[in-house]
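Subject: Structure handover

Hi,

Here is the structure I said I would pass on. Please look it over, then read my notes below.

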Amino acid sequence: MEQPLKKTSLYDRHVAHGGKMVPFGGWDMPVQYSSIKDEHLAVRKHGGLFDICHMGEFKVSGSSAKAFLNHLLTNNVEKLQPGDGQYTLMCQASGGVVDDLYLYCLEEPDVYLLIVNASRLEDDWQWMLDALSKSTFQPSDVTCENLSDQLGAIAVQGPKVRSWIDTCFSSVTSDQAIASVSQLKKNQIAAFQFENQQIWVGGTGYTGEDGFEIVAPNEIIPAIWDTLLSKGHVGCIQPAGLGARDTLRTEMCYPLYGHELTTETSPIEAGLGFFVDLEKGDFLGRSALAAQKEQGVARRCVAFQMTGRSAPPRPEYAVLSDEGEPIGTVTSGTSSPSLNNGIGMAYVNKPFAKPGQSIAIEIRGRSFPAEIVKKPIYRKA
Amino acid sequence: MSSQIPDTLKYAKTHEWVKVDGDTATMGITDHAQAELTELVFVELPAVGRKLQAGEACAVVESVKTASDIYSPVTGEVIEVNESLADEPGAVNTDPYNEGWFFKVRMSDTAALNDLLSAADYKALIGE
């Protein structure tokens with residue numbers, strides 16, 4: 001029997017706002033309210049509010065938490081001071097990706113927060129526990145907690161957000177290092193107060209715009225949403241759905257697990273070598289990734305744009321050389337609301353994987369011209 | 001929200017409309033269909049001269065998120081297509097029964113018209 005779709009605490013608000021609800025990663029989520037294009041452009045011009053309660057939150061704490069996380073993840077946890085976050089990945093011994101995620105070092109000593117993809121939550125949790133049990137770390141020195149049921153999250157993204165966000169939250173103590181949300185720099189995280197409850201706000205996002213991601217207990221998520229909408233009115237804030245979230249991240253060439261990243265792809269192939277620190281010591285997947293870095297990989301993830309009028313490129317469409325030979329596969333593709341053109345990302349054979357290379361995309365049996373471009377595809381003027 | 005369903009047209013169960021004028025049939029997709037599909041970014045039409053059977057997949061519409069097949073409600077030969085949809089696919093959303101027309105067919109077998117629904121029957125089909 002199929003599991004019923006899960007609903008976030010914001011479900012009723014999405015429906016009331018005209019949300020078109022669709023299944024995503026086992027959740028009933030709004031793909032759009034008015035139009036994907038309008039919501040996308042609203043985020044680029046003013047601000048948009050995204051329900052990201054479906055994502056997972058893990059807390060890892062203890063005297064060996066840092067060492068364990070450095071063993072589990074590809075990026076170097078030593079780089080993080082309390083209040084810092086980093087993008088990182090979890091890999092298998094083969095170098096294949098288990099998930100991409102954000103890791104935050106919280107102010108409380110030896111406490112870390114991991115934000116993981118909704119579609120990978122259960123797999124990530126099992127993977128992490130399994131890695132811990134197989135490691136030499138003492139169970140008493142590393143405590144893992146899955147807080148995904150207790151915590152929800154909201155992303156607020158757009159150029160105007162920083163100008164009004166401070167009206168929504170207050171500091172926890174009068175002498176905390178980052179006293180207001182607008183003081184958060186990119187990738188920083190700090191604790192704030194909302195209606196006498198502690199929440200976290202990170203200077204992060206998945207859209208390429210300035211903005212924040214708020215992590216809070218599920219019971220106060222609806223009140224936070226309402227407050228952001230009302231205080232953000234001055235900055236033209238509006239709810240935005242998963243459809244716009246996808247077009248925004250595709251314009252920025254941010255990977256999406258299940259598309260650019262799978263257990264059959266490595267961070268090196270995906271072009272994410274910057275987030276793999278081979279010098280930090282051993283970690284899961286290190287030797288495979290070191291070999292790939294040294295010997296090179298057969299295929300690379302590239303960004304492309306259609307160069308003539310065509311239907312939008314879509315995941316799994318074939319990429320062809322000018323001679324019509326198959327040289328790769330599209331992993332993400334859409335019609336870009338900012339550029340009014342088909343864009344996407346694809347894995348292509350290394351010899352073709354350079355900006356300026358002309359290619360073709362096979363759409364319903366016919367081939368349409370495209371060009372590999374530098375990432376990101378969208379840049380502010 | 002109720003959609004527009006002009007009385008003068010006939011409808012296929014797959015949400016295409018047909019305007020019959022002698023042996024020429026003009027077709028497009030209904031207001032209900034365009035609302036379900038959301039804003040179109042691309043419309044792929046059959047080539048002029050193509051012979052179609054009623055029920056055959058003959059066109060594709062693409063929204064930001066998905067591609068959907070459109071089925072010919074009639075049997076015959078495509079004699080004209082709406083070229084303006086290449087530049088303005090959104091016309092299908094804003095004016096599905098006029099500016100958003102897809103193509104015209106010279107019908108070779110009008111029997112297929114009997115399988116189409118009246119406006120009242122289509123209204124019942126979509127539960128309005």
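H2(A) and H7(A) are oblique to each other, a label for angles that are neither under 35 degrees (roughly parallel), nor over 145 (roughly antiparallel), nor 65 to 115 (roughly perpendicular). Helices (H or I, at least four residues) and strands (E, at least two) are DSSP runs, numbered from the N terminus.

Before more detail, two notes on the source. This is a predicted model, where local features need pLDDT of at least 70, side-chain atom pairs count only at pLDDT 80 or more, and totals for chains, interfaces and linings use all residues. Residues are numbered from 1 along each chain as its sequence is written, while chains are lettered from A and ligands numbered from 1 in the order in which they are written.

**The helix pair**

Helix H2 of chain A covers residues 36–45, and helix H7 of chain A covers residues 242–252. They pack at an angle of about 60°, with their axes 8 Å apart. Axes here are lines fitted to C-alpha atoms, for helices over the stretch in contact, and angles run from 0 to 180 degrees between N-to-C directions.

Which residues of H2(A) and H7(A) make the contact? From H2(A) they are A:Ile36, A:Glu39, A:His40 and A:Val43. From H7(A) they are A:Gly243, A:Ala244, A:Thr247 and A:Leu248. Contact means that C-beta atoms, placed from the backbone, lie within 7 Å. By class, this contact has four nonpolar, three polar and one charged residues. Ala, Val, Leu, Ile, Met, Phe, Trp, Tyr, Cys and Pro count as nonpolar, Asp, Glu, Lys and Arg as charged, and the others, Gly among them, as polar.

H2(A) is mostly covered, with seven of its 10 residues buried. A residue is buried if 20 or more other C-beta atoms lie within 10 Å of its own, exposed if 12 or fewer, and partly exposed in between. The buried residues include A:Lys37, A:Ala42 and A:Arg44. Their cover includes strand S2 (27–32), S3, S9, S14 and H7 of chain A.

**The open sheet**

Seven strands of chain A form an open sheet in the order S10-S11-S12-S13-S9-S3-S14, with mixed pairing. Strands pair if DSSP finds at least two bridges between them. The edge strands are S10 (170–171) and S14 (238–239) of chain A, each pairing on one side only. S10(A) runs antiparallel to strand S11 (residues 189–194) of chain A, and two bridges join them. There, A:Ser170 stands opposite A:Gln193.

Helix H6 (residues 221–231) of chain A lies across S3 (48–51), S9 (151–157), S11 and S13 (211–217) of chain A. Its direction is at about 15° to S9(A).

**The barrel**

Six strands of chain A close into a barrel in the order S15-S18-S17-S16-S19-S20, with antiparallel pairing. The twist averages 45° from one strand to the next. S16 (residues 318–320) and S17 (residues 326–336) of chain A pair over three bridges. A:Leu320 has A:Pro326 in S17(A) as its bridge partner. H7(A) packs on this sheet, touching S17 and S18 (341–349) of chain A. The direction of H7(A) makes about 125° with that of S17(A).

Strand S4 (residues 56–61) of chain A is antiparallel to S7(A), with six bridges. S4(A) is also antiparallel to strand S8 (residues 143–146) of chain A, with four bridges. A:Lys59 stands opposite A:Leu113 in S7(A) and opposite A:Glu145 in S8(A).

**Chain A against chain B**

The contact takes 14 residues from chain A and 11 residues from chain B. On the side of chain A, the elements that give two or more residues are S2, H2, H7 and S17. By class, that side has four nonpolar, six polar and four charged residues.

**Backbone points to check**

- A cis peptide bond joins A:Lys375 and A:Pro376, with omega about -5°. A:Pro376 is in the segment after strand S20 (366–373) of chain A.
- A:Asp110 is not a glycine, yet its phi is positive, near 60°. A:Asp110 lies in the loop between S6 (97–105) and S7 (111–116) of chain A. It counts as partly exposed, with 17 C-beta neighbours inside 10 Å.
- A:Arg364 has a positive phi of about 50° although it is not a glycine. A:Arg364 sits in the loop between S19 (358–363) and S20 of chain A. It is exposed, with 11 other C-beta atoms within 10 Å.

Best wishes

How values were computed
Contact = placed C-beta atoms within 7 Å.
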